[in-house]
Amino acid sequence: MISRLLVANRGEIARRVFATCRALGVETVAVHSDADADAPFVAEADQAVRLPGNTPAETYLRIDLVLDAARRAGADAVHPGYGFLAENAEFAAAVTDAGLTWVGPPAKAIAAMGDKMAAKALLADAGVPMLPTWTEADQVTDFPVLVKAAAGGGGRGMRVVRDAAGLAEAVAGARREAAAAFGDGTVFIERYVERGRHVEVQIFGDSHGTVVALGARDCSIQRRHQKIVEEAPGVLPAEVRERLHEAAVAAGRAVDYVGAGTVEFLLAPDGQVHFLEMNTRLQVEHPVTELTTGLDLVRLQLLVAEGEPLPLTATPPAEGHAIEVRLCAEDPAQGFRPATGTLHRLAIPGVAGEFTPTKGLRLDSGVTDGSTVSVHYDSMLAKLIAWAPTRAEAVRALAGALARAELHGVATNRDLLVRVLRSREFGAVDIDTGFLDRHPEVFAPLLPADQLPLVALAAALAGAAGRRASAPLLGGLPSGWRNVPAFPQVTRLAGPDGEIEVRYRLDRTGALADWSVSPAGEGTRSAASPAVTVVEAAPDRVVLDVDGVRRAFRVHRVGSEVFVDGPDGAASLTELPRFPLPTAELAAGSLLAPLPGAVTRVHVEVGQRVAAGDLLLTLEAMKLEHPVLAPTDGVVAELPVPAGGQVDTGAVLAVVSLEEDPR
C-alpha cells in the first residue's frame, strides 16, 4: 500500500490530492518552486522539497529534480496531478523504473494517446468517426480549420483560421505557444465545426481489465478554447449519451487503460459525434463527476495504483446535477488578459466543503487571502462547484454564490461567469463552443453604471469612518465637522472609467444633507442624485436608505485600494491623494505592458509606418501569447525592449507617433 505520496504539481490540484490522502492516512510530499514557497499547498503537505527556480521548465517539468525530491523525502509513490508531467510517458516510465508506484495510466497508454495524430489513427481503425485532419498548412483543402497543439491541452496553442491567408502565421504562433507551454511545438490542423458542443466522458480502468464510463460532461462554454463552465451530466439525448459511453470505453480498452482518463468529443449540430482527443489524467472538471456519482476519483486512482479492482463495473446512475466554473485572475478591462498581484480576499458565502465530494457548494482553490498571483503559472484561482437536485437549482445557487463573493486585489472573470449562468440561453441549454462569440452582452460588468455613484459614496463614507475611528483626538466629532457646515467634504477616487469626485455635506446632526458624484473636474450633479439617508457608516460596512430602500455595502480597504461589494455588484476603487505629487508624463502613443512578461518577438522597426491594428510585438506571460497592436496609424518612434527582454507591468513596449519618420 502507498504510505507516502509525492504530488508532482502545484496549486489547487496538489491541495485536492492532499485532501484525499489525509482522509486515507497517506503522508504527503510537495515540491515547489521559489515563487510557490509560501503557497497554501506547500504549507498543507507533511513534507516539502524546494525546486530552485520559478518557471515550469526550471522546476516542475524537471523529471530529475522531481525524482530526487521523492528520494530525499522517502516517498514511495508519485501522483502527477494534471498538466505539467501528468501526460508525460517518459516521466511515468522514470517513476516506475525508480521503484516507485505511479498513480496514473501506464507509460505505453500515455504515449499512445499523447501523440494525438497516432491516437486518431488508432481509434479511426476501431471505427470511431474522425474530423478531417492535416499535419502541414499546405495540405489543408477546406476551411475553417482549428490549429491544435499535438502535446497538452487547456486551449494552449489553439487557433481558429477561416481562410488560407492567415494559416501560416496561425501555425507559427501555435507552435511557439505550444513549445512554451508543453516543451513540444508540434501542431496539427483539423476541420473546425461551427456551433459544435464539447462533450467528454470520464473513464476509469483497473489492472484487472475493467474499463467503465462514469458519465458524460458538457464543457462547451469556452473562451480562447479554454473551458470556463462545465457540468454533469451533460444534457444529451439518451442515444447520444450511450454512443459516447461506448466509444470512450472502446478507446480505453484499445490501450489497456488503467486509472482516470477523459475521452473528449465534438458533438455536431446534426448529432454526429467526432473524437477529439484522450487526456490520460484527471481533468480539471472532475468535481462535477464526483458530485453526481458520489465517487472520490483521487481515492479510486490510489486504489487502482495499488492493484485493487474498481469497486464498480458499470456506469453508475447520476444523482442530481453539478456545475463548475473556473474563477481566473483575468482583467476584463484588458480583454481578459491574465492578471497578477496580491489576492487580498477570497470569500465565498455558503461553501459546504472543499476538495472532496460535497453536496451543495464546493470550493477547490489553490490560493487563500494574501496569496500572490505570479506571472509564472496559469491564471486559474479556484473552481466553484454547485450540486443540486436539478440543473436549474444548481445554476441559480452557483450564480448567487459567485455574485456575492468577495474577490479583492486581483481582477477576475467573476462577472462574466455570473452573466453566462444567468443568461436565458444557458438556462435553455442553447450552448456550443461559440457561445461567447454570439453573446457579447455577457461581457458587461455586473455593476450597472448608474449604481457606481452609490458605491463611490459608500467608499467615501467608510473611509471617513475609518479615519475618525483611528483619530487620536476628537474622534467622537461627526465626520467632517466644521464651523461652516455648508462646505462639502470631497473624496477623489480612481474608478473603472477614470477619476471621479464624491462631494457630500453633513448637517449639524451628522445626517447627510446632500451629495453628488461626478467625473473629476466637472463640478457637481446633485440634481441627479437620489434621496439618500445614511443608516450606518462604519469602516467596513455602509448602509444607505435610497428612496426608501435600504442597501448594504461591504467595504474592505487595503492601503489606498477600496473594494466595495453591494447588492448590484462590486467595484474596485483607489482613493487618490488630495495633493498628488507631480509625475513624469509618458510620450503620446506609448503602449504599456498590461502585465509582467517577456517580449518574444518584435515584428516592426523604428521608423516603420504602421496602420491601426498592425502587430508590433508579442508578449508572453502566464503561458499565453499576447499580441501588442498599433492603436492608430503612425510611425514607430521607439522600441525600448528587444526580443527576449523582460518587462514589468506598465513598462513602455513601443511608441507610435502620428508624425513622420522621427529619425
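Modeller: Let's start with a term: a residue counts as buried when its relative accessible area is under 20%. Keep in mind that this is a predicted model.

Colleague: Happy to. How many residues of β10 are buried?

Modeller: Nine of the nine, so β10 is largely enclosed by the rest of the structure.

Colleague: Which strands does β10 pair with, and in what sense?

Modeller: Pairing is read from bridges between strands. β10 pairs with β13 in the antiparallel sense over nine bridges, and V199 has F265 of β13 as its bridge partner. The hairpin of β10 and β11 has five residues between the strands, and G209 in it takes a positive phi near 95°.

Colleague: Where does β10 stand in the whole sheet?

Modeller: Read the strand order across the open sheet: β14-β13-β10-β11-β12-β15-β23-β21-β20, nine strands with mixed pairing. At the edges are β14 (273-279) and β20 (353-354); each has a single partner strand, so one side of each is left without a neighbour in the sheet. Further along the order, β15 and β23 run antiparallel and are joined by eight bridges, with L327 bridged to A382 in β23.

Colleague: Which helices pack on the sheet, and at what angles?

Modeller: Helix α8 (residues 238-254) touches β10, β11, β13 and β14, and its direction makes about 110° with that of β11. Helix α11 touches β12, β15, β21 and β23, at about 25° to the direction of β15.

Colleague: Why does the span of α11 agree with what a helix should give?

Modeller: The expected span takes 1.5 Å a residue, counted for one less than the number of residues. For the 14 residues of α11 (391-404) that should be 20 Å, and the end C-alpha atoms are 20 Å apart, which agrees. Its buried residues include R391, A394, V395 and L398. Besides the strands, the buried residues of α11 pack against α12 (414-422) and α13 (424-427).

Colleague: And how do I read a pocket? Which residues are closest to the centre of the second largest pocket?

Modeller: Look at the volume, then at the lining. The second largest pocket holds about 1,500 Å³ of space. Of its 47 lining residues, D331, P332, A333, A411 and S572 are the closest to the centre. Elements that each supply at least two lining residues include α12, β25 (489-495), β26 (498-506) and β32 (569-575).

Methods
Residues numbered from 1 in each chain as written. Predicted model: local features only at pLDDT ≥ 70, side-chain atom pairs only at ≥ 80, totals over all residues. Heavy atoms only, no water. Helix = DSSP H or I, 4+ residues; strand = E, 2+ residues; numbered from the N terminus. Buried < 20%, exposed > 50% of the residue type's maximum accessible area, 1.4 Å probe, protein only. Contact = heavy atoms within 4.5 Å. Pairing = 2+ DSSP bridges. Axes fitted to C-alpha atoms, helices over the stretch in contact; angles between N-to-C directions. 1 Å grid on protein atoms, 1.4 Å probe; cavity = no way out; pocket = protein on both sides within 12 Å on 5 of 7 lines; lining within 4 Å. Points joined across faces, edges and corners; volume = space filled by probe spheres on them.
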